[in-house]
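These are my notebook entries on a single protein chain.

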Amino acid sequence: MNSMYEQLMQLPLFQGVSADSITLLVEKLPFHFLKYRNGEQILAAGDACTHIRFIVSGKVRLETPCAHLKVSLSQTLSTPNVLAPEYLFGRETVYPYAAFADGPCGILQLRKSDYIKMINSDKVFLFNILNYLSSGSQRGMASALSIRDGSVAERLAILVDMLIVPGAADISLRYKQKDLCTLLSTQRTTLVSSLDKLCEQDILDYDSNELRLLDFRKLMDLIKD
């Protein structure tokens, strides 16, 4: 139990819970540990979020598509992390992204009804999920209200900040150029000029259909003090 307890204690939403509480939960609730091979799909965008899923080993690549435009953001999450718990509740309970194993990885999966039992079993679980959801909501609000000059670079930074999961790596944006222009409300020449300036600052590099983020902090400095 010690190794399982240590593994669970590293996960978001489990931190601060006692070993006794986790021992009782493992005995009572069906914790499913699933293994995925490199490239294997874990979930698809639009799948119903009926379970809470944690990354317990390896990495997961997320692909977030824009509903009506050919623009898609890719990011990688490492152990330990949780996949979209904000979509477990609320009006929209479907995943906004597809998830694939980036190398061999392990997922801990728990049904929504069992997760609710877990929350009710210990207030620490309740505070953890409330803090997680509140932090995400506040981060999105802060980004939306941070506009200074309305530049394309700022709008790109806000878009990335609102779509990524904290701690994500290997962030890239694949796009059809006219659709990215539509999404950022700009003209092609202005977009290219803005991306060229960000390249000069070593914030990203890009080609005709993909940009790759090199320095997330520098990009966020455009919208944060």
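At what angle do helix α6 and helix α7 pack, and how far apart are their axes? I found that α6 (residues 177-184) and α7 (residues 188-200) pack at an angle of about 90°, with 10 Å between their axes. I take axes as lines fitted to C-alpha atoms, for helices over the stretch in contact, with angles running from 0 to 180 degrees between N-to-C directions. α6 is therefore roughly perpendicular to α7; angles of 65 to 115 degrees count as such, under 35 as roughly parallel, over 145 as roughly antiparallel and the rest as oblique.

**Basis of the entries.** I note that the model is predicted: local features need pLDDT of at least 70, side-chain atom pairs count only at pLDDT 80 or more, and totals for chains, interfaces and linings use all residues. Residues are numbered from 1 along each chain as its sequence is written, and side-chain values use heavy atoms, with hydrogens and water left out.

**Contact of α6 with α7.** I listed the residues that meet: Q177, L180, C181 and L184 from α6, and R188, L191 and V192 from α7. Contact means heavy atoms within 4.5 Å. By class I recorded five nonpolar residues, one polar and one charged. Ala, Val, Leu, Ile, Met, Phe, Trp, Tyr, Cys and Pro count as nonpolar, Asp, Glu, Lys and Arg as charged, and the others, Gly among them, as polar.

**Contact of α4 with α5.** I then looked up helix α4 (residues 123-144) and helix α5 (residues 152-163), whose axes come within 9 Å and cross at roughly 175°. The two helices are therefore roughly antiparallel to each other. R139, G140 and S143 of α4 make the contact with I158, D161 and M162 of α5. This contact has two nonpolar, two polar and two charged residues.

**Overall form.** I counted eight helices and 11 strands in the protein; helices (H or I, at least four residues) and strands (E, at least two) are DSSP runs, numbered from the N terminus. The C-alpha trace spans about 60 × 35 × 30 Å along its principal axes.

**Largest pocket.** I found a volume of about 700 Å³ for the largest pocket. On a 1 Å grid over the protein atoms alone, a pocket is an open set with protein on both sides within 12 Å along at least five of seven lines, a cavity is a set of points where a 1.4 Å probe fits but cannot get out, and lining residues have an atom within 4 Å of a point. Grid points are joined across faces, edges and corners, and a volume is the space filled by probe spheres set on the points. The pocket is lined by 25 residues, with E86, G136, R139, M162 and I164 nearest its centre. α4 gives the largest share of the lining, seven residues. I class the lining as 15 nonpolar, seven polar and three charged residues.

**Largest cavity.** I recorded one cavity of 30 Å³ or more. L156, V160, I171, L211, L213 and L219 line the largest cavity. α5 and β11 (210-213) are the elements that give two or more residues to this lining. Its residues are six nonpolar, no polar and no charged.

**Backbone.** Most residues other than glycine have a negative phi, and most peptide bonds are trans. I noted a cis peptide bond between T79 and P80, with omega about -10°. P80 lies in the loop between β5 (71-78) and β6. L13, not a glycine, has a positive phi of about 80°, and is found in the loop between α1 (2-9) and α2 (19-28).
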